[in-house]
Amino acid sequence: MRKAINLTKGLNLNLRGGLTDVQPAATVVPQRVAVTPADFPGFTPKLEVAEGDAVVQGQPLMHDKTYTDIKLTAPTGGVVESIVRGERRRIERVIIRTSAEQTAPTIIKANSGNASSVASALKASGLWAMMRQRPYDIVPDPTQTPRDIFVTAMDTAPLALNPATVVAGKTAQIEAGVAALAQLTSGRIYIGVAANSDFPDIKGCEIVEFTPLHPAGNAGIQAANICPVNKGETVWTLDITTLAAIGSLMLSGVADMTVAVAVTGAEVERPQVVTTCPGADIADIVKGNIKASDIHLRYIAGNVLTGIPEGLDGYLRYPYRQVTVIPEGDDADEFMGWASLSPSKMSVSRSFLGKFLGRKFNPDARINGGRRAMIMSEVYDRYLPMDILPEQLIKAIGAHDIDKMEALGIYEVAPEDFALAEYADPSKIELQKIVREGLDYLRREV
């Protein structure tokens with residue numbers, strides 16, 4: 001029997017530009033793909049390729065300096081066109097120009113019944129880096145054994161594609177992935193799904209149903225409501241697409257890196273799903289599908305709450321399988337600006353008519369207000385379904401008070417868990433940035 005958890009805290013943003021058909025409309029073969037080490041917190045890259053090298057799918061591009069067997073691999077075959085570096089020669093991304101004719105991908109054989117073999121295969125294939133560890137929200141430390149593993153098979157972010165539809169028909173791969181991960185934990189494997197979904201029962205794991213109210217789709221939120229992380233404990237989180245890729249690796253020796261990407265947003269002509277590969281060029285993903293207008297646009301790799309503004313010349317970033325296009329807003333000219341009482345204004349505040357109209361909105365990227373000191377109004381708590389005190393935790397992080405951070409639940413959280421609270425925050429505080437800095441500080445000092 002499935003367990004059901006009813007979450008009442010949260011909010012689903014009612015935005016224009018959502019999907020009407022979840023079936024892939026086209027296959028996009030990008031001209032370029034990029035692998036960005038910054039998308040993998042806790043991973044310190046060291047290159048294994050040089051500009052001009054030919055690579056095949058699954059070939060290592062870089063490895064971690066501390067744990068050298070953890071790799072980031074090429075999502076497709078081609079030639080390393082450029083290695084982009086930033087300050088102090090930090091590796092920002094490796095760009096691959098794809099080849100029209102793909103050679104055979106790298107084969108990695110693994111014994112799914114042996115923990116050492118499973119771990120080695122996941123590290124070599126790049127799939128290890130696609131999981132996350134709590135505490136710290138980083139690539140899992142291979143010296144730590146997870147108490148439990150939490151898989152999310154739902155995505156409640158604005159305009160997101162339901163990942164359960166993407167893996168429909170892949171029960172064999174999912175069960176193979178569960179069997180492999182079971183070798184790496186002495187605890188349980190949980191899969192979180194939307195309430196009343198038709199997601200099948202999976203051998204070797206426990207299915208837990210959640211109210212589809214954002215941020216219930218976050219794996220960390222699900223873990224906090226199933227079995228919270230305490231000090232001294234470690235858990236892993238991942239999504240169902242990654243789990244299916246792990247199963248594919250165990251069954252065939254090749255991780256299925258194909259991704260279904262939702263192209264959404266009010267400025268998209270035809271919101272649709274396209275099939276492509278991780279790190280694909282955004283220009284290729286949205287080509288011919290943007291409304292004709294003279295306003296400035298923001299191209300987001302991901303959703304409007306946690307996504308990364310990449311621009312039309314950017315790339316799909318991990319872990320996102322969504323591209324959102326909205327107005328930038330820097331060229332907007334409206335009477336009274338953010339204080340306008342126009343019914344087209346989207347807000348959680350009852351001061352605005354849009355709160356009561358139940359209509360779909362087309363927000364732009366402006367913050368609509370000014371940053372100020374934190375207002376202790378308990379607004380964060382209304383949008384964070386975890387048993388913590390979020391306002392006090394943010395203050396403790398700002399003060400670098402490690403004892404209070406630990407007591408207030410820092411080990412349970414990740415930046416994405418605060419994204420909805422950041423949207424509703426009247427003080428316009430960058431909560432996700434603060435949480436990321438707090439986790440990094442704690443990891444360095446403890």
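Visitor: Leaving aside its neighbours within four places in sequence, which residues is Leu122 in contact with?

Guide: Welcome! This is a predicted model, where local features need pLDDT of at least 70 and side-chain atom pairs count only at pLDDT 80 or more, while totals for chains, interfaces and linings use all residues. Residues are numbered from 1 along each chain as its sequence is written, and side-chain values use heavy atoms, with hydrogens and water left out. As for Leu122, its contacts (heavy atoms within 4.5 Å) beyond four places in sequence are Leu127, Trp128, Met131, Leu181, Leu184, Ile246, Leu249 and Met250.

Visitor: Which residues touch the most other members of the largest nonpolar core?

Guide: They are Leu122, Ile174, Leu181, Ile191 and Phe199, in a core of 56 residues. The name "nonpolar core" is given to a set of buried Ala, Val, Leu, Ile, Met, Phe, Trp, Tyr and Cys residues joined through side-chain atoms within 4.5 Å. Helix α5 (residues 240-252) gives the most to this core, with 7 residues. A helix here is a DSSP run of H or I with at least four residues, a strand is a run of E with at least two, and both are numbered from the N terminus. Apart from this core lies another, of 47 residues, including Phe210 and Ile397.

Visitor: What makes Met62 buried?

Guide: Buried means under 20% relative accessible area, exposed over 50%, and partly exposed in between, using a 1.4 Å probe and protein chains only. Met62 has a relative accessible area of 0%, so it is buried. Met62 lies in strand β6 (residues 60-64). Among the residues it touches, not counting those up to four places away in sequence, are Val35, Phe43, Leu47, Ile70 and Val94.

Visitor: Why does Gly52 count as exposed?

Guide: Gly52 has 54% relative accessibility, and therefore counts as exposed. Gly52 sits in the loop between β4 (45-47) and β5 (54-55). Not counting residues up to four places away in sequence, Gly52 touches Val79 and Val80.

Visitor: Why do Asp256 and Lys170 count as partly exposed?

Guide: Asp256 has 32% relative accessibility, so it counts as partly exposed. Lys170, at 25% relative accessibility, therefore counts as partly exposed too. Asp256 forms a salt bridge with Lys170, the closest N and O atoms being 3.6 Å apart.

Visitor: Why is α1 called roughly perpendicular to α5?

Guide: The axes of helix α1 (residues 115-125) and α5 come within 11 Å and cross at roughly 115°. That angle makes α1 roughly perpendicular to α5. Angles under 35 degrees count as roughly parallel, over 145 as roughly antiparallel, 65 to 115 as roughly perpendicular and the rest as oblique. Axes are lines fitted to C-alpha atoms, for helices over the stretch in contact, and angles run from 0 to 180 degrees between N-to-C directions. The contact is made by Val118, Ala121, Leu122 and Ser125 of α1 and Ile246, Leu249 and Met250 of α5.

Visitor: What makes α3 and α5 roughly perpendicular to each other?

Guide: α3 (171-181) and α5 pack at an angle of about 85°, with their axes 7 Å apart. α3 and α5 are therefore roughly perpendicular to each other. The buried residues of α3 are Ile174, Ala176, Gly177, Val178, Ala180 and Leu181. The elements covering them include α1, β14 (235-239) and α5.

Note on methods
A salt bridge is a side-chain nitrogen of Lys or Arg within 4 Å of a carboxyl oxygen of Asp or Glu.
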